[in-house]
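Here's a quick walk through this model, helix by helix and ring by ring. Have the viewer open as you read.

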Amino acid sequence: MTLLLTVFAAVIVTAVWYKHSDGKMMLGLLCWMFWGASIMWLVDAIFEYAELGAAYFTPEIADMVNDAFLGLSVIALALVIWIVALLIKDPKGTVRAKLKKN
Amino acid sequence: MACFVVPGTEAIVITAAALLLRRYEMNKTKVRVIEGADHTEGEDRPKTGFSRKLFWLAGLLWGGVALLAFEHLWHGEVVPFFPFLTAATEGAGAVANMLHEMATVGVTMAILVTVVWAVMVAVSYAIEKRPLEKKAEA
């Protein structure tokens with residue numbers, strides 16, 4: 001579930017990055033995070049599948065909910081890292097302009 | 001248990017290599033400008049420096065490592081205090097399991113990320129060589 005949620009996040013962010021590819025929203029950072037984690041969790045999933053076999057695809061409800069909760073938390077963490085980096089780097093100069101105005 | 005340590009180590013090495021290569025590429029460009037070399041020469045050269053491509057790999061590795069570290073924290077396999085890895089406090093058996101996981105899952109993660117990056121680089125060279133399409137006139 002964590003892998004699935006991260007892959008969806010990666011695909012959506014990459015599509016948004018492609019549409020707005022001027023780099024001013026630093027969406028590349030989110031793409032690297034989600035794709036990097038997706039590849040690594042894919043490896044984790046392959047090893048787990050090798051160990052559990054078909055049982056890997058029929059997890060307990062409690063495990064699924066926990067994994068989904070983890071997946072959403074991971075996405076939230078990545079978004080927080082991205083927004084903090086965006087505000088600090090301030091490619092559009094919005095924060096600087098606001099600070100100078102006040 | 002601590003599989004993300006392997007791609008994390010690769011990330012440190014790759015970032016250092018990318019920083020050094022970027023400095024080298026920038027110095028090379030400066031020399032070319034001072035010598036007054038013709039900038040139109042070598043147009044078949046790739047437009048993106050290799051250091052930038054190395055930063056792509058560093059981005060993939062750091063991004064994955066950051067999110068995986070959080071997952072390990074979530075599962076209690078990593079703690080924010082010494083010795084940081086829970087397995088280190090659970091005896092020799094747990095440490096052996098951790099090292100085995102690092103050698104199998106961790107190394108495979110590092111290899112797969114690098115392979116994906118290599119494919120990305122190959123595709124990017126092909127795209128850079130492709131001429132830009134002109135917008136159709138209305």
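## A tryptophan and its partner

B:W117 is buried, at a relative accessible area of 10% (buried means under 20% relative accessible area, exposed over 50%, and partly exposed in between, using a 1.4 Å probe and protein chains only). B:F50 is partly exposed, with 34%.

This is a predicted model, so local features need pLDDT of at least 70 and side-chain atom pairs count only at pLDDT 80 or more, while totals for chains, interfaces and linings use all residues. As for bookkeeping, residues are numbered from 1 along each chain as its sequence is written, chains are lettered from A and ligands numbered from 1 in the order in which they are written, and side-chain values use heavy atoms, leaving out hydrogens and water.

## Rings and a charge

Over all chains, the structure holds seven aromatic pairs. A pair here means rings of Phe, Tyr or Trp (its six-membered ring) with centres within 6.5 Å; planes under 30 degrees apart are stacked, over 60 edge-to-face, and the rest tilted. Take B:F50 and B:W117: their ring centres are 6.1 Å apart and their planes sit at 65°, so this pair is edge-to-face. B:F50 belongs to helix α2 (residues 50-74) of chain B and B:W117 to helix α3 (residues 91-129) of chain B, so the pair ties together parts 67 residues apart in sequence. Helices (H or I, at least four residues) and strands (E, at least two) are DSSP runs, numbered from the N terminus.

Over in chain A, ring pairs join A:Y49, A:Y56 and A:F57 into a cluster. Back in chain B, the charged end of B:K53 sits over the ring of B:Y125, 4.4 Å from its centre (the test is NZ of Lys or CZ of Arg within 6 Å of the ring centre and within 35 degrees of the ring normal).

## Chain B at a glance

Chain B has three helices and zero strands, in the pattern α-α-α along the sequence. Of its 138 residues, 31% are buried. Among contacts in chain B with a separation of 6 or more, 82% come from residues 24 or more positions apart; contact means heavy atoms within 4.5 Å.

## Packing inside chain A

Helix α2 (residues 27-52) of chain A packs with α3(A) at about 150°, their axes 9 Å apart. Axes are lines fitted to C-alpha atoms, for helices over the stretch in contact, with angles from 0 to 180 degrees between N-to-C directions. The two helices, α2(A) and α3(A), are therefore roughly antiparallel (angles under 35 degrees are roughly parallel, over 145 roughly antiparallel, 65 to 115 roughly perpendicular, and the rest oblique). On the α2(A) side the contact includes A:M33, A:F34 and A:W41, and on the α3(A) side A:I81, A:W82 and A:A85 are among the partners.

## Where the chains meet

Which helix of chain B does α2(A) cross at roughly 135°? That's α3(B), with the axes coming within 9 Å. α2(A) and α3(B) are therefore oblique to each other. Residues meeting there include A:W32, A:M40 and A:F47 from α2(A), and B:M109, B:L112 and B:M120 from α3(B).

Helix α3 (residues 61-89) of chain A also comes within 10 Å of α2(B), axis to axis, and crosses at roughly 135°. That makes α3(A) oblique to α2(B). In this contact, A:F69, A:L70 and A:L77 are among the α3(A) residues, while α2(B) brings B:L67, B:F70, B:E71 and B:W74.
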